[in-house]
Amino acid sequence: MSGDDFLVRMEGISKRFGTVQALKDVDFDVKRQEVMGLVGDNGAGKSTLIKILTGVHKPDEGKIYFEGREVSFNSPKEARDLGIETVYQDLALIPLMSITRNFFLGRELVRKVGPLNLMEHRRMDEIAAGALREIGVKVRSPDEPVAILSGGERQSVAIGRAMHFGAKLLILDEPTAALSIKESQKVLDFVLEAKERGLSIIFITHNIYHVYSVADRFTILEHGRKVAEFAKGEVSPEEIIEIIRSGHAARKGEG
Amino acid sequence: METTIVKDVLSKIRKRPEFGVFVAFLVIFIGFSFAAERFLTFDSIAGIITVAAELGIVTAGITFLMIAGEFDLSVGSVLGVSGMIFAITATAGLPHIVGLLLSLAAAAAIGLLNGVLVVRTRVPSFIITLGSQMLWRGVILAVTGGFPVRYWGDSTLLFALNGRFAGQLRMSAFWFLGVVMVLTFILTRTRYGNWVFATGGGPEAARTLGIRIHRVKVVNFVVSAVLAGLAGCIQFARFHSVDPTRGQGLELEAIAAAVIGGTLMTGGYGSMIGALLGALLVGMVRSGLVMAGAPSYWYQAFIGIVLIVASVVNIRLRRWALR
């Protein structure tokens with residue numbers, strides 16, 4: 001168990017939902033300060049694997065190590081407390097609420113005044129605006145509702161939130177799926193920026209070209225099994241696509 | 001420079017949920033001032049406040065619940081149950097404070113039952129609370145045999161609840177104001193308020209971020225019911241009697257007032273100031289029409305029109321504000 005190299009190791013993970021074998025004996029790991037591309041077709045098991053890692057589901061079999069220690073999550077909160085932050089496809093933002101209120105939802109800053117815990121609106125506004133500015137997101141005012149933001153801006157707020165709360169591991173679930181080319185590029189820049197800051201990133205996507213430009217390694221899932229694992233230099237994007245299409249690693253050995 | 005400040009202030013104001021109801025309130029107020037001769041007198045305004053306060057306490061509770069994404073059709077029956085318990089315990093000679101606490105406890109229990117049923121069964125609150133409304137109304141009718149309960153005594157507690165302290169102005173005005181202030185404080189200044197908006201505005205996102213949305217909903221069902229119970233006790237303190245149909249139809253009036261006040265039926269959006277203005281507007285229409293010489297039958301029709309117009313305008317305003 002080389003706790004120093006690997007931030008996350010998942011070993012022999014299996015999960016069934018009723019009669020469906022969602023994952024079968026999957027090994028998956030992410031090194032420190034590494035961008036891991038998790039790719040595969042719909043229903044390959046990417047989401048299930050991530051949901052196990054983030055405490056949404058419990059695995060039927062297998063072990064999870066985080067920073068070298070074996071962990072077992074009973075809720076998403078326990079995973080988050082360890083520094084695993086997820087940016088979900090639906091972003092977990094609430095359109096009618098302000099950017100600040102979204103940013104701090106569930107982690108509001110409060111100040112004790114007598115018996116009361118008062119939210120510190122001004123401080124939260126400043127921190128949210130500052131955190132977003134730092135990663136290059138311009139918002140007019142942090143008390144604007146999220147509803148007025150574009151898809152890319154929302155994505156930025158969600159990523160900015162995850163980065164701010166000191167995540168060691170940032171999980172991005174299809175972060176570029178609904179974005180324009182320009183906005184996608186910005187998200188890819190965030191990924192590199194996060195890595196620069198020392199975070200590890202799991203990047204889940206269909207879009208091999210997006211992930212290829214930023215990832216250091218790739219794990220390819222198919223029908224709940226890991227079919228291949230590569231470092232970037234070992235394969236071209238076209239070869240990855242071919243593997244996903246054919247369902248097995250034809251020419252390259254399993255990693 | 002100055003125009004940008006004015007623009008800034010204007011854009012801030014128009015983004016408030018209660019902007020629409022505020023304008024409507026002013027327009028109708030000015031209208032009645034001309035149409036009804038005695039509308040602008042102290043006693044007439046006090047009369048409006050008395051009606052609005054009792055409705056408003058219920059409206060505030062239902063608004064709090066609607067922001068969390070649920071609603072409650074049983075508040076009229078809860079108001080009846082609480083008033084009835086207060087009246088029966090008073091006539092039986094129990095201290096009024098005991099009667100009051102029992103009434104509020106009963107309301108809380110009904111709210112808890114509503115809330116737990118809604119989150120456990122996932123049956124929409126419309127159905128659960130409709131059933132609850134019929135159930136508790138039936139219980140009141142069965143227990144009283146359909147006869148009103150009267151009480152001839154008096155106490156400082158009854159005065160504190162709804163005594164007259166200046167002309168036609170009653171203590172209920174303070175209770176109403178207090179409830180609005182406390183709930184405004186909770187919604188805007190506490191973490192719980194943040195969770196309430198999140199629970200109604202995006203339950204899945206809220207749950208993902210670790211908000212216990214079921215607990216928030218159940219708590220808000222209880223708050224809504226307790227406030228309906230409080231309104232029932234306050235109304236008993238005014239009339240010194242409760243008849244078995246007390247509160248019937250009030251739930252719809254309260255929901256109407258909340259919606260007129262800018263609160264969204266779909267949850268996640270609304271304000272207590274809106275609830276306050278909504279309830280005042282309904283109270284004003286009720287008194288104003290009578291004073292203007294319109295047959296009282298027209299009251300419902302007029303409220304119906306106001307409700308529809310207000311909802312349409314509120315939706316437009318929100319789209320405008322979100323640009």
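**Figure 1. Contact of α2(B) with α13(B) in the predicted model.** In this predicted model, B:Val21, B:Phe22, B:Ala24, B:Phe25, B:Ile28, B:Phe29 and B:Phe32 of α2(B) meet B:Gly274, B:Leu277, B:Gly278, B:Leu280, B:Leu281, B:Met284, B:Val285 and B:Gly288 of α13(B); two residues are in contact if their C-beta atoms, placed from the backbone, lie within 7 Å. By class, this contact has 12 nonpolar, three polar and no charged residues, where Ala, Val, Leu, Ile, Met, Phe, Trp, Tyr, Cys and Pro count as nonpolar, Asp, Glu, Lys and Arg as charged, and the others, Gly among them, as polar. Helix α2 (residues 19-35) of chain B packs with α13(B) at an angle of about 20°, and their axes are 10 Å apart. Axes are lines fitted to C-alpha atoms, for helices over the stretch in contact, and angles run from 0 to 180 degrees between N-to-C directions. The two helices α2(B) and α13(B) are therefore roughly parallel to each other; angles under 35 degrees count as roughly parallel, over 145 as roughly antiparallel, 65 to 115 as roughly perpendicular and the rest as oblique. Residues are numbered from 1 along each chain as its sequence is written, while chains are lettered from A and ligands numbered from 1 in the order in which they are written. Local features need pLDDT of at least 70 and side-chain atom pairs count only at pLDDT 80 or more, whereas totals for chains, interfaces and linings use all residues.

**Figure 2. Packing of α8(B) with α13(B).** Helix α8 (residues 172-189) of chain B and helix α13 (residues 272-291) of chain B pack at an angle of about 150°, with 9 Å between their axes. Accordingly, α8(B) and α13(B) are roughly antiparallel to each other. The contact is formed by B:Val180, B:Leu183, B:Thr184 and B:Leu187 of α8(B), together with B:Met272, B:Ile273, B:Ala275 and B:Leu276 of α13(B). Its residues comprise seven nonpolar, one polar and no charged.

**Figure 3. The side of chain B that touches chain A.** The contact takes 19 residues from chain B and 20 residues from chain A. On the side of chain B, the elements that give two or more residues are α9 (191-201) and α10 (203-208). The largest share of this side, five residues, comes from α9(B). By class, the side of chain B divides into eight nonpolar, seven polar and four charged residues.

**Figure 4. Surroundings of α9(B).** Nine of the 11 residues of α9(B) are buried, so this helix is largely enclosed by the rest of the structure. A residue is buried if 20 or more other C-beta atoms lie within 10 Å of its own, exposed if 12 or fewer, and partly exposed in between; C-beta atoms are placed from the backbone. Among the buried residues of α9(B) are B:Trp195, B:Val196 and B:Phe197. The buried residues of α9(B) pack against α3 (99-103) and β8 (116-119) of chain A, and against α3 (42-67), α8, α10 and α11 (213-239) of chain B. Helices (H or I, at least four residues) and strands (E, at least two) are DSSP runs, numbered from the N terminus.

**Figure 5. Position of A:Arg122.** A:Arg122 is found in helix α4 (residues 121-134) of chain A. A:Arg122 is exposed, with 9 other C-beta atoms within 10 Å. A:Arg122 and A:Ile94 lie 28 residues apart in sequence and 20 Å apart in space, C-alpha to C-alpha.
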